[in-house]
Amino acid sequence: MAHRQADLGYGRTLPRLLRAEGLAEVGAEGFFPITDPACTVLERATVEQVADRLIAAGLATREEIDEHLANLAAGRLPDLATSPLISA
């Protein structure tokens, strides 16, 4: 994500940015789902989207990606988590 210029610290800086814009009483909370069925759906979609780039970068082989997707489909990765969701 960082390679694609995503700001990985944005959630942590969001409250400060909102206060800098003049908002008062800014609070924030994070949600970090683990073992939610949506985690598996998101993992599959993400891996399918970036598979070719992972292979091109030498980070994974097609066989490794296919194995990971098969493990997802078979339910062998029950403790997947998504990135934290920060709300402010």
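# Reading helix faces and a nonpolar core

Guide: In helix α1 (residues 10-20), Gly11, Leu14 and Pro15 are buried. Buried means under 20% relative accessible area, exposed over 50%, and partly exposed in between, with a 1.4 Å probe and protein chains only. Helices (H or I, at least four residues) and strands (E, at least two) are DSSP runs, numbered from the N terminus.

Visitor: Where do the buried residues of α1 fall, seen down the axis?

Guide: They fall within an arc of 85°, so they line one face of α1. The arc is that of the directions from the helix axis to the C-beta atoms. On the other side of α1, Arg12, Arg16 and Ala20 are exposed. The buried residues of α1 pack against β2. Gly22 follows α1 and has a positive phi, near 100°.

Visitor: What kind of model is this?

Guide: This is a predicted model: local features need pLDDT of at least 70, side-chain atom pairs count only at pLDDT 80 or more, and totals for chains, interfaces and linings use all residues. Residues are numbered from 1 along each chain as its sequence is written, and side-chain values use heavy atoms, leaving out hydrogens and water.

Visitor: Why do residues three or four places apart in an α-helix point the same way?

Guide: An α-helix has 3.6 residues a turn, so such residues point the same way. Now take α3. The buried residues of α3 are Ile65, Leu69, Asn71 and Leu72. They cover an arc of only 155° around the axis, which puts them on the same side of α3. Glu63, Glu67 and Ala73 are exposed on the other side of α3. The cover over the buried residues of α3 includes α2. Just after α3, Gly75 takes a positive phi of about 75°.

Visitor: What span should the 13 residues of α3 have?

Guide: The expected span is 1.5 Å times one less than the number of residues. For α3 that is 18 Å, and its end C-alpha atoms are 18 Å apart, which agrees.

Visitor: Asn71 is a residue of α3. Which side chain does the side chain of Asn71 make a polar contact with?

Guide: A polar contact is a pair of N or O atoms within 3.5 Å; within protein, one must be able to donate a hydrogen and the other to accept it, and residues adjacent in sequence count only if both atoms are side-chain atoms. The partner of Asn71 is the side chain of Arg76, at 2.7 Å. Asn71 counts as buried because its relative accessible area is 18%.

Visitor: Which residues form the largest nonpolar core?

Guide: Such a core is a set of buried Ala, Val, Leu, Ile, Met, Phe, Trp, Tyr and Cys residues joined through side-chain atoms within 4.5 Å. The largest has 8 residues: Cys39, Val47, Ala51, Ala60, Ile65, Leu69, Leu72 and Leu80. The elements giving two or more residues to this core are α2 (37-56) and α3.

Visitor: What does Glu43 touch, beyond residues up to four places away in sequence?

Guide: Contact means heavy atoms within 4.5 Å. Glu43 touches His68, Leu72 and Leu80. Glu43 lies in helix α2 and is partly exposed, at 24% relative accessibility.
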